[in-house]
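Hi,

Here is the structure I promised to pass on. Have a look at it first, and my notes follow below.

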Amino acid sequence: MVSRRSEAANGNARYDHGRNRARRPRGGGADGMISDDDSASDASSDLSGDFPGPSPPTTQQLPPRVVWGRPHLLATTPAATAAAAATTAATATIQDDMETSAESIAAIADTPSPNSSSPRSPLPHVVPPRPKPNPLRGDRINLHSSALDEILSAAGPDVAALPSPLVFAITSLSPSRRRAYAAVREFTCPDPAVVELSDLLCDALDLAPKDLPHPVSVDLVTSLPKCEFLRVAPMEADYIDFPDLRAVISRGDLLTVAQPHDASSPPLHFLVTDIKPADSCTCIDVDISLDVVPDEDVAREAVQRKFAGEGGAAGSSRSTGKGTRTITLAKASDGNVTGESTGSVAAGEYVVFKVLTSSESLNYVARLSPATGDCDLFISDSAEKPSIQDHDYANVDAGISAIHFSLTKPVPHFFISVRGYTDVSTFVLSVNSTFDAASKKGQPEDDVTMAEDDSVLSPDQARCSNCRLVVSARALPMHEAFCRRNNAVCLRCRGLGLPAVMKKEELPLHWHCDECDKVGTLDEKPKHDWYVHTPVDCEGCGVPLVMPQLAAHRKAECPGRIIECRFCHLFVKSGGPSRSAKDLILGENLTVHESDCGSRTVQCVKCGKNVQLKDMKIHAQMHELARQNQTPPPLCANSQCANMVNDQFRNPMGLCQVCFAPFWSPRHDPGNQKLAAKIASVYHNQLTIGCKRDFCWNKYCATSADHSLLEAPMDPTSAAVQCVALLRESFLFNPARPAYHLCVNDRASATRRHAAEASGLTALGYTAPWCVRALAESRDDPNAAAAWLAANAPLPPGAR
């Protein structure tokens, strides 16, 4: 262990110490840190002895620096009795009662420990006053670069033996002797006598802002076991609504878990009640079996919140807590699938409805009818709280708002939010699925327009030049006089093909938006301008956008939106679309996080090469392409042989070396006459006498087990006729695809070739060479051979 001791002051903290201490059990640490009375006693044994007086401290102002830390790397419990044994050296000493202001730090002399035999690194041991806000998160610390130099010097040539990442045990030199574990974030601390801690580490060490600066010891831990099992107890009932607990929980006796989908919501706290295989473990690159066991009261409250509004009568709604209601869609007496709810909402507030579907319909219409005031409608099939910034469909028109929308796939529920625009609005919300949304997806209901075609008018009909209505030709003068005296025409509406006739007293209130095609009254103009044409800062990245663009931006481009990474399967901020040339060429629409996360390498199970995760899809496609373009194995042309032809010793007959050996001759044979006679002689002996081998399945053998052709030896004349037919299949007459039916001496070869046919492998569509190769690779196991064919052989033409 490389260690040193000096005075500790917290470099970074903004932790609600009093509130969370009430939640933490006696001796509890912080979010991912372990500290308790047991571990403190162990740490105390490591630091026993008289401390010599310190060198005069040097005061230096520590400038605040932005150093981002990644939280949740280590897992420990309050019984960390093995932590002291994991360290490999003692610590240096300093005076415990340093008198420094909250704005200064002390440089402490490096004094060797009496029982230390290993070289010590000048690791900083003063926790400075914490900047606000604290840039470090989780279990990360910042050290001076000299610490890394000393660690590498102590390791010598065996640098590869150092643990990765470097883990340090931080022990408070106060009487409590609390201990916590941390991983180094950067070696960029400006002072060698200073260690910068996160808020959670300060809480784990029981260091309040008034206690800083404060002396601590920092020891390099050479090894920590991999965590295998973790049991946690949630402290709040909200845990049941957490989208993916595995994605963010890590280690500690009191875990503080942020809610990635709602930054404004308070964090959740989990008490670690059990951890295996040791009291202090690392959670880096391991698979952990996580068990969430809530307290009985917490579990009861969570279940009540979760299911308070579920169920109910068809078409009804009930509160589910947190302002959320449930609308259950069901078939009414007229056959329509409907649901309805009433409520009220204040200006700027939301009332959220969870609509439970009961049919396979994908087309719905939602209608919001304000009884008093004015409110707006937002719908989403993914966001649990649709809003101005997060929604799939919206209607912010004054008065009745109706949206026709279609879901991409059947879902058990979707979400609707009603946002108040005036001070207090009461409303009726109805949802049904009895319409055809093919041409109205995501659009409000449209007014009916009239088409004008004078060619269809009869001789006794005429069209009014003012309102364009068709009237009797005899009554036209009287109608036009009345119409011009009482009605007005909006020429802009007429040019747009909209109803253009209104009463004259309504014309001054008639309004057209100069930036879009919106038509309404002057009372609607302020609301329309605010919703549609006033830029609003995106909550994720701060980019000012108008509402129609903001929702699309939040779903596809915002770097602050929460996504589930396709590689690590965690809920993280996307970072925006990746613009690197490689990612654009891949065409996978990767985000910045996915591009970085996908840069990790894994070993390909087929070729053993290290391939980046984001390249694995193309890499697998290359394997599949190479698989489909494989040439069949060069199987021996003898139908009874399972050997492959050696490319270095090919022969004109297309046989393997074993089958070709009886036909080889050093004599000159023009026209292959002697070879033809030899082949005919072998066939004749097979047909008349047989090979007399009990494993022979050659149907052209008199002693074969296959009697489909020969039930008894053939007479010489019949055998001669059959020999001519068999000879025509040889390379003498069919050089492109020769075939032979020769008995073989090798039992394994004959059995394997027969098994390729009898086991049904060829019935799968694979050719005989691939079936024989599969049996050879799987030790003649038909089931394993079928699996090998599916994974390695080219797919049959019918399966591509």
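The accessible surface of the chain is about 39900 Å², and 53% of that belongs to carbon and sulfur atoms (Shrake-Rupley method, 1.4 Å probe; for residues, only the protein chains shown count as cover). Before you read on: this is a predicted model, where local features need pLDDT of at least 70 and side-chain atom pairs count only at pLDDT 80 or more, while totals for chains, interfaces and linings use all residues. Residues are numbered from 1 along each chain as its sequence is written, and side-chain values use heavy atoms, leaving out hydrogens and water.

Of the 800 residues in the chain, 44% are buried (under 20% relative accessible area; exposed is over 50%, partly exposed in between, with a 1.4 Å probe and protein chains only). The chain has 19 helices and 37 strands (DSSP runs numbered from the N terminus: helices are H or I with at least four residues, strands are E with at least two).

Over in helix H13 (residues 616-628) you'll find Leu625, which is partly exposed, with a relative accessible area of 47%.

Cheers
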